[in-house]
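Please walk me through this structure in plain paragraphs.

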Amino acid sequence: MSIEVRPATVFEDVRTLLGPKSPGANVCWCLSYRIPSRLNNGLRGPSRGAYVAELCRADPPPGVVAYDGDEPVGWAAVAPRSATSFARNRKIPHIDDLPVWSLWCVRVRPGHRKRGISHALIAGAVEFARAHGAPAVEAYPLDNGGARVDLTMAYAGLRKNFERAGFTHAADTTSVLAGHPRVLMRLDLRR
């Protein structure tokens, strides 16, 4: 297996990873933290996918996609924190004025898990942010202490995976997801 991580510029591949089985469904499409809640709630059915298609054509695109050969097998959302709802989030603190990027969603397709793809996605998202001038990358993973996590809520990632990628604990948060506290992890890219 050779996993390659590339910018999310091919909408069909992003749709494979994030889109619903039914075009009219109102699934997340990884927009919940990316756009203001009023816009997020107003986008319904196919308009959600159309919005993501526009993001895939933007510079920078909305994240990275992991490929096993030509098959899209994983997704990571990464963007400047200032361009996300984390900029205004009261539960996840700002620790300084550094214009950090946020990495908030890591998703691996069923049938491809337990093969190191999430680690490749984290590394690829960090390199993507670095290439776009990010001085640091933050993540807000679950601090599950080894406890089992419902896979539908594991999109935020696990603390141990970010530690393995070189991130360090920067702050506690008051955010809780799937019964687990979230922590603010940071990787400084200025070194």
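Glu-163 and Arg-159 form a salt bridge, with their closest N and O atoms 2.9 Å apart. A salt bridge here is a side-chain nitrogen of Lys or Arg within 4 Å of a carboxyl oxygen of Asp or Glu. Both residues belong to helix H5 (residues 159–164), where they are 4 residues apart, about one turn of the helix. Glu-163 has a relative accessibility of 39% and counts as partly exposed; buried means under 20% relative accessible area, exposed means over 50%, and partly exposed is in between, using a 1.4 Å probe and protein chains only.

The model is predicted, so local features need pLDDT of at least 70 and side-chain atom pairs count only at pLDDT 80 or more, while totals for chains, interfaces and linings use all residues. Residues are numbered from 1 along each chain as its sequence is written, and side-chain values use heavy atoms, with hydrogens and water left out.

A search of the whole structure finds 12 salt bridges. One of them joins Arg-6 to Glu-4, with 3.4 Å between the closest N and O atoms. Arg-6 is partly exposed at 29% relative accessibility, and Glu-4 is partly exposed with a relative accessible area of 43%. Another salt bridge, 2.6 Å from N to O, is made by the side chains of Asp-188 and Arg-190. Arg-190 is exposed, at 55% relative accessibility. There is also a network of salt bridges that links Arg-81, Asp-96, Glu-138 and Arg-186.

Helices (H or I, at least four residues) and strands (E, at least two) are DSSP runs, numbered from the N terminus. In a regular strand the side chains alternate between the two faces of the sheet.

What does E5 pair with? Two strands pair if DSSP finds at least two bridges between them. E4 and E5 run parallel and are joined by 3 bridges, and Val-137 of E5 is the bridge partner of Trp-101. E5 and strand E7 (residues 180–188) run antiparallel, with 4 bridges between them. Here Ala-136 has Asp-188 of E7 as its bridge partner. Together, E4, helix H4 (residues 117–131) and E5 make a right-handed β-α-β unit; right-handed means that, with the strands pointing away from the viewer, the path from the first strand over the helix to the second runs clockwise.

E4 also pairs with E3, in the antiparallel sense and over 7 bridges. In that pairing Pro-80 stands opposite Trp-101 in E4. Because 7 of the 8 residues of E4 are buried, this strand is largely enclosed by the rest of the structure.

The largest nonpolar core has 27 residues, and Val-14, Trp-75 and Trp-104 have the most contacts inside it. A nonpolar core is a set of buried Ala, Val, Leu, Ile, Met, Phe, Trp, Tyr and Cys residues joined through side-chain atoms within 4.5 Å. Two or more residues of this core come from each of helix H1 (11–18), helix H3 (46–57), strand E2 (63–68), strand E3 (71–80) and strand E4 (101–108). In soluble globular proteins, nonpolar side chains tend to be buried together.

How many disulfides does a search of the whole structure find? The count is 0, a disulfide being a pair of cysteine sulfur atoms within 2.5 Å. For Cys-28, the nearest cysteine sulfur is that of Cys-30, 5.6 Å away. Cys-28 is partly exposed, with a relative accessible area of 36%. The sulfur of Cys-56 is too far for a bond, because the closest cysteine sulfur, in Cys-30, is 11 Å away. Cys-56 is buried, with a relative accessible area of 3%.

Finally, the UniProt annotation "domain: N-acetyltransferase", from an unreviewed entry, covers residues 3–190. UniProt positions are given in the numbering used here, feature names are shortened, and annotations may be inferred rather than shown by experiment. Over residues 3–190 the chain is 25% helix and 28% strand, with the end C-alpha atoms 26 Å apart.
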